[in-house]
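Me: I am new to this structure and would like to learn how its aromatic rings can be read. Could you take me through it step by step?

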Amino acid sequence: MKFKNVLFDLDGTLLSTEEDLAIATNHAFEKFGYKVNATVETIRRGIGVEIIPMLRLAYKEADLAVCEDDFLKIRDEFEIYYAAHNNVYTRPFKGVTDTVKKLNAAGIKTGVISNKPDESARACVNRYFGSLFSFAVGSSVGKPIKPQKEVFYTLAAEYGLTRKDCLYVGDMVYDVQFAKNVGMKVAICSYGYGTKQDRANADFVIDEFSQLLQIVL
């Protein structure tokens, strides 16, 4: 066994979430009189460290000017709407559930570290995976997020994690940066929301989720 713990990103790694994110984005802007028509492609380009850059990309691509007061209201509306509608089109990627079950059966601790708002991250993990993961955390106001390493060390103290025993699995450059900042090995999913350049500095690249078993076991 090469790793005792395998930690995962959520969007673009475990779950395909872009359709529900696009719908929530368009709803939030439309509520305040802006027509952005954000597409799945827009979401894939904009998703990453936080939700704000994704929302800003949506209105810039629509060639709109949005005042900051309106933007903050749009962000809040997005979070409220998405929290209530994050499971319409969202689905686990092929092989995820079966692979994580096999990792657990082999005695490997698994967990989720996401930059998705904490309430939505936990709700998605619970809905699609139940108690499959030992823990799942998202972002909270005022707390560090990926790629800052503090996220890991907060969890390490609670769950007994050591960086040399952990593999982080994600899909974007922020996931690579996070793992490197901590000192963990990192595997990047080529089917996710990142680019070829994002994967350039990963320790491992997987085209299908089940390939993770070969890396870990």
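Reply: Please keep in mind from the start that this is a predicted model. A pair of aromatic rings is described by the distance of the centres and the angle of the planes. Searching the whole structure gives ten aromatic pairs.

Me: How are the rings of Phe-129 and Phe-133 arranged?

Reply: Their centres are 5.4 Å apart and their planes stand at 90 degrees, so this pair is edge-to-face. Phe-129 and Phe-133 are both buried, and together with Phe-8 and Phe-209 they form one aromatic cluster.

Me: What is the arrangement of Phe-152 and Tyr-153?

Reply: Here the planes meet at 80 degrees, which is over 60, and the centres lie 5.2 Å apart, so the pair is edge-to-face. Phe-152 is buried, with a relative accessible area of 1%, whereas Tyr-153, at 38% relative accessibility, is partly exposed.

Me: Which residue lies over the face of Phe-71?

Reply: That residue is Arg-56, placed 4.2 Å from the ring centre. In another case, Arg-127 lies over the face of Tyr-128, at 5.8 Å from the ring centre.

Me: Turning to another residue, where is Thr-17 in the chain, and what is it in contact with?

Reply: Thr-17 sits in the loop between strand 2 (15-16) and helix 1 (18-31), and with 0% relative accessibility it counts as buried. Leaving aside neighbours within four places in sequence, Thr-17 has contacts with Asp-11, Tyr-82, Thr-90, Lys-116 and Tyr-193. Thr-17 and Thr-90 are 73 residues apart along the chain, and their C-alpha atoms are separated by 4.7 Å.

Technical notes: Residues are numbered from 1 along each chain as its sequence is written. This is a predicted model: local features need pLDDT of at least 70, side-chain atom pairs count only at pLDDT 80 or more; totals for chains, interfaces and linings use all residues. Side-chain values use heavy atoms; hydrogens and water are left out. Rings of Phe, Tyr and Trp (its six-membered ring) pair if their centres lie within 6.5 Å; planes under 30 degrees apart count as stacked, over 60 as edge-to-face and the rest as tilted. Buried means under 20% relative accessible area, exposed over 50%, partly exposed in between (1.4 Å probe, protein chains only). A charge sits over a ring if NZ of Lys or CZ of Arg is within 6 Å of the ring centre and within 35 degrees of the ring normal. Helices (H or I, at least four residues) and strands (E, at least two) are DSSP runs, numbered from the N terminus. Contact means heavy atoms within 4.5 Å.
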